[in-house]
Each structure stands twice: as structure tokens, then as C-alpha cells.
Amino acid sequence: MRGRGVEVVGYRTNGAFDVVALAASAGGLTALSHILGALPKDFPVAVVVIQHLDPRHRSLMADILSRRTPLRVKQGEADEVLEPSTVYIAPPNMHMLINAEGSISLTQTELVHFVRPSADLLFESLAANYKERVVAVVLTGTGSDGSMGVRAVKKMGGTVIVQDETAEFFGMPSAAIETGDVDFILPLKEIPDAIRSLVDAQE
């Protein structure tokens, strides 16, 4: 428990947002490659990614995406603190959450909506700890992962972007849209500019 008057020191930026969170499942590699490839090397916030992966195999996602973006890309590790201009990908079969000081927690608690890692848990952790300073993005994928998290982000004042029918698989985007808590519904090609416009805006 934190004592009264003790400020949490950790990851914060000087802009309007601290974190961009991307969630994808089936078809995600193409969507993630497009978005991350369009962000600049000096992108001023951290990017955290949930991509549903086969838990039986070592993930090559970080290696593949690192060749498609100027940003640093790595698999998230327990207790490391977020840094700007860096992409953190949830490891296969592990939930990834972000704590108040910007450190990563990894857990193997039960599946959420039949998946692990869960976009819902990531989004909810960001909403609780970064409130209005979060941009949550739901991309192509089957199922409904992310929809509960979208509600949490919106409730705390964050911004939600969802891919439109250009999604290869519209299950996750559709579930997010049905919450009514979405700020922007955009084709994939417009999402990188939307993210950059939000992050570049001054408080």
C-alpha cells in the first residue's frame, strides 16, 4: 500500500497520451505491420500489443514486426518499465497488464473469452492506471476480446479506435462497436494517421 503523499514515479510522457494499445487476433499481422510501419522512429509514447498466438510455439511476432517498423519491437518481460518509441508484444499464453508505474505484469491466470493473452485485461489495466491518457485500438480478429476493455477505457476518459469493415475478420471490431463506447471507426489505412494526430496533439 502506498503511503499518503507518496507519488508513483514511473512511465509518463509530456503529451496528451502515455500509451497506445493495439489488439488483434486473426489477420492481425497484416494490420499491425501497416500501423506500426507508419509510425515514426521517434514516436513519443509506448505501444503495447495483444496478438492472439498459438501457445504451443515460440512467437516470431517481435522479429517479424521489427523488420516492418522503425520502432524498437520486443516481447514484453515481467517488471520492465515502458519506454517511448518501443513496442511491447504480449508473450504467447500470457496475460499482459500495465501497472501504475508503467511496469509490465505477466500472468497465466484463466482464459478470458477463451483467450490468453486478453485484450480486455490489458485495456482494463491501462484504464485503471492511465485513465484518459490511453488510446485503445481494436483491429481484425474473431471473437469478442477487447469489448469489455473498451468500455473500461471509455469510462475512464480514454480514446477508442476500431477498424471498420476493412478488417479481415470483423468479430472483434464488431463487438467493440456494439458497446457504443467507440470514438472512431476507421479503415485500416487511416488508423496510423489518427493515432499520430491524437498523440501529437498538445494537452
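1. Start with Arg133: in this predicted model, Arg133 is buried, with a relative accessible area of 11%. What does the side chain of Arg133 meet in a salt bridge? Its partner is Asp18, at 2.5 Å from N to O. Arg133 sits in the loop between helix 3 and strand 7, while Asp18 is in the segment before strand 1 (19–24), so the pair ties together parts that are 115 residues apart in sequence. Asp18 is buried too, at 0% relative accessibility.

2. The salt-bridge count comes to 6. As a reminder, side chains of opposite charge can pair when their charged atoms come close. Lys74 and Glu80 make one of these bridges, at 2.8 Å from N to O. Are these two buried or exposed? Lys74 is buried at 11% relative accessible area, and Glu80 counts as buried at 19%. The cut-off for buried is under 20%, so Glu80 at 19% falls within it.

3. Asp181 and Arg151 form another salt bridge, with the closest N and O atoms 3.7 Å apart. This pair links distant parts of the chain: Asp181 is in the loop between helix 5 and strand 9 (184–186), Arg151 is in helix 4, and 30 residues separate them. Arg151 counts as partly exposed, at 45% relative accessibility.

4. Now for the rest of helix 4, which covers residues 147–155. Ser147, Gly149, Val150, Ala152 and Val153 are buried there. An α-helix has 3.6 residues a turn, so residues three or four places apart point the same way. That's handy to keep in mind when looking at the list above. What covers the buried residues of helix 4? The cover includes helix 3 (119–130), strand 7 (134–138), strand 8 (159–163) and helix 5 (171–178). After the helix comes Gly157, with a positive phi near 95°.

5. Helix 5 is followed by Gly180, whose phi is positive, near 80°.

6. On to the neighbours of strand 8. Strand 7 runs parallel to strand 8 and is joined to it by 4 bridges, with Ala136 standing opposite Val160. Strand 7, helix 4 and strand 8 together make a right-handed β-α-β unit. Strand 9 also pairs with strand 8 in the parallel sense, over 3 bridges, and Gln163 stands opposite Leu186 of strand 9. From strand 8 the chain crosses through helix 5 to strand 9, and this β-α-β crossover is right-handed.

7. Next, the nonpolar core. In soluble globular proteins, nonpolar side chains tend to be buried together. The largest nonpolar core in this model has 62 residues. Which members touch the most others? They are Val20, Leu22, Val48 and Ile195. Take Leu22: leaving out residues up to four places away in sequence, Leu22 touches Leu32, Ile35, Leu36, Val47, Val48, Val49, Ile50, Val137 and Ile195.

8. Finally, some backbone details to look at. A cis peptide bond joins Arg116 and Pro117, with omega about 15°. Pro117 is in the loop between strand 6 (104–107) and helix 3. His113 is found in the loop between strand 6 and helix 3 as well, and has a positive phi of about 50° although it is not a glycine. His113 is partly exposed, at 35% relative accessible area. Asn93, also not a glycine, has a positive phi of about 65°. Where is Asn93? Look in the loop between strand 4 (86–89) and strand 5 (95–98).

Terms used:
Residues are numbered from 1 along each chain as its sequence is written. This is a predicted model: local features need pLDDT of at least 70, side-chain atom pairs count only at pLDDT 80 or more; totals for chains, interfaces and linings use all residues. Side-chain values use heavy atoms; hydrogens and water are left out. Buried means under 20% relative accessible area, exposed over 50%, partly exposed in between (1.4 Å probe, protein chains only). Helices (H or I, at least four residues) and strands (E, at least two) are DSSP runs, numbered from the N terminus. Contact means heavy atoms within 4.5 Å. A salt bridge is a side-chain nitrogen of Lys or Arg within 4 Å of a carboxyl oxygen of Asp or Glu. A nonpolar core is a set of buried Ala, Val, Leu, Ile, Met, Phe, Trp, Tyr and Cys residues joined through side-chain atoms within 4.5 Å. Two strands pair if DSSP finds at least two bridges between them. A crossover is right-handed if, with the strands pointing away from the viewer, the path from the first strand over the helix to the second runs clockwise.
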